[in-house]
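Work through the following exercises with the model open beside you, and try each task before you read its solution.

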Amino acid sequence: MPKAKPPVESKPAKKNMKTKLPAKAVSKRKVTGECLIPPRAPDEVLQHLKGEGSKEEAQYIREYVENECRKDNERVTFLEKVKTEYVLGQAHDCWNVHTDKEPHWVITGPTNLYTQALFPSLDYTISFHLGLMLRLNSKRTGTEDPRMGDRLAAAFRRWEQAAVALDESVESEDIQAVGMRCREALLAFIRSVSRANMVPAGEVKPQTSNFVEWSKLVANAIAPSSHNEHIRGYLKAVAKETWQLAGWLTHAVNASRHDGTIVVDATHSVIEAFGAALIRQERKTPERCGKCGSLRLVALYKPELDVDGAACLSCGWEFRPDEESSNSEEDT
Ligand SMILES: [Zn+2]
């Protein structure tokens, strides 16, 4: 987004006020003494007067903005949570963030940044943000989790093709073909995650196209131990049912768009549910804060650094797998 120059800050009014004012504004009452408009308070002073927003949330927003504006090396000088807007059950926090170069709005859910020079009104910006998010979501992008999107790219790409085919379907034959595409997405998922060592010793390795058998082996591997018993059971059940459902659709002569929608959504649920278990196992990041137990963790995923950590929004605890020191809190 091209950046416009920041608005000029109001300067103290000149002592001589005899400039041309519109006729209506001229009062007959004489003003005695000096009329000074105070200059804008410095950001360091304002920073102590702000209200809402926890320290940890502020830190997250600060890092987000400085990371987004790293090209111009902008530093955050002031930030304040202005309001939280609830739309369709989702909270969107609105932050007023000033850097040493210009002021921005930051709106969360998902987080995005807008230059105030181009978006002077917050209300207008919220409407723009929500519209943008709605359009992005309608694009059937598979997943919002970049890590899962990378790991299961082949499966999500095929699922997106199935979803687009459903959107563009006209007749039952088109919808039947969606069932085949969903099965292809499920097989692509299995190809991405199955490993020969998932097959127990002495058992025969299932064929690549045997989705149901492979899904059981994958579920055993990514959701092991008694703690995951119900997760494992759910994964196996939903995989088998969805595979059979997609198979039924390919032969359903009178298939309607509703049938297609159920199968496309079910396929997505399988990939997401298995994907969540898979990522949790491979990532090895905590699901709750190691210091205060809160679940309000945000991922510290920076592609350029390949950092795979997490930060707690409740107490500020940080987990960085490459730094042993982040865990040392528990020892003190
Ligand atoms: Zn915490």
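**Exercise 1. The chain as a whole**

Among contacts in the chain between residues at least 6 apart in sequence, what percentage join residues at least 24 apart?

Solution. The structure is a predicted model, in which local features need pLDDT of at least 70 and side-chain atom pairs count only at pLDDT 80 or more, while totals for chains, interfaces and linings use all residues. Residues are numbered from 1 along each chain as its sequence is written. Start with the term itself: two residues are in contact if their C-beta atoms, placed from the backbone, lie within 7 Å. Of the contacts between residues at least 6 apart in sequence, 53% join residues at least 24 apart. Next, take the elements: the chain has 9 helices and 7 strands, where helices (H or I, at least four residues) and strands (E, at least two) are DSSP runs, numbered from the N terminus. Finally, 23% of the 332 residues count as buried; a residue is buried if 20 or more other C-beta atoms lie within 10 Å of its own, exposed if 12 or fewer, and partly exposed in between.

**Exercise 2. The largest core**

Find which residues have the most contacts inside the largest nonpolar core, and which elements supply that core.

Solution. A nonpolar core is a set of buried Ala, Val, Leu, Ile, Met, Phe, Trp, Tyr and Cys residues joined through C-beta atoms within 7 Å. The largest one has 36 residues, and F189 and I271 are those with the most contacts inside it. The elements that each give two or more residues to this core are helix 5 (153-167), helix 6 (172-193), helix 7 (211-222), helix 8 (229-251) and helix 9 (257-283). Helix 6 gives the most, with 8 residues. Now look at F189 itself: leaving aside its neighbours within four places in sequence, F189 is in contact with L152, A155, I271 and F274. Apart from this core lies another, of 17 residues, among them W95, C289, A311 and W317.

**Exercise 3. Helix 6 on its own**

Check what span helix 6 should have, and list which of its residues are buried.

Solution. The expected span of a helix is 1.5 Å times one less than its number of residues. For the 22 residues of helix 6 this rule gives 32 Å, which agrees with the 33 Å between its end C-alpha atoms. The buried residues of helix 6 are I175, Q176, V178, G179, R181, C182, R183, A185, L186, F189, I190 and V193. Among the elements that cover these buried residues are helix 5, helix 7, helix 8 and helix 9.

**Exercise 4. Two partners of helix 6**

Decide how helix 9 and helix 5 run beside helix 6: roughly parallel or roughly antiparallel?

Solution. Axes are lines fitted to C-alpha atoms, for helices over the stretch in contact, and angles run from 0 to 180 degrees between N-to-C directions. Angles under 35 degrees count as roughly parallel, over 145 as roughly antiparallel, 65 to 115 as roughly perpendicular and the rest as oblique. Helix 6 and helix 9 pack at an angle of about 5°, with their axes 9 Å apart, and these two helices are therefore roughly parallel to each other. In this contact, the residues of helix 6 include C182 and F189, and those of helix 9 include I271 and F274. By class, the contact of helix 6 with helix 9 has 13 nonpolar, 3 polar and 2 charged residues; here Ala, Val, Leu, Ile, Met, Phe, Trp, Tyr, Cys and Pro count as nonpolar, Asp, Glu, Lys and Arg as charged, and the others, Gly among them, as polar.

Turn to the other partner: the axes of helix 5 and helix 6 come within 8 Å and cross at roughly 170°, which makes helix 5 roughly antiparallel to helix 6. The residues of this contact divide into 13 nonpolar, 2 polar and 4 charged.

**Exercise 5. Loops**

State where E171 and N73 lie, and whether each is buried or exposed.

Solution. E171 lies in the loop between helix 5 and helix 6, and E171 is exposed, because 8 other C-beta atoms are within 10 Å. N73 is found in the loop between helix 2 (55-68) and strand 1 (76-87). N73 is exposed too, with 10 other C-beta atoms within 10 Å, and its phi is near 55°, a positive value in a residue other than glycine.
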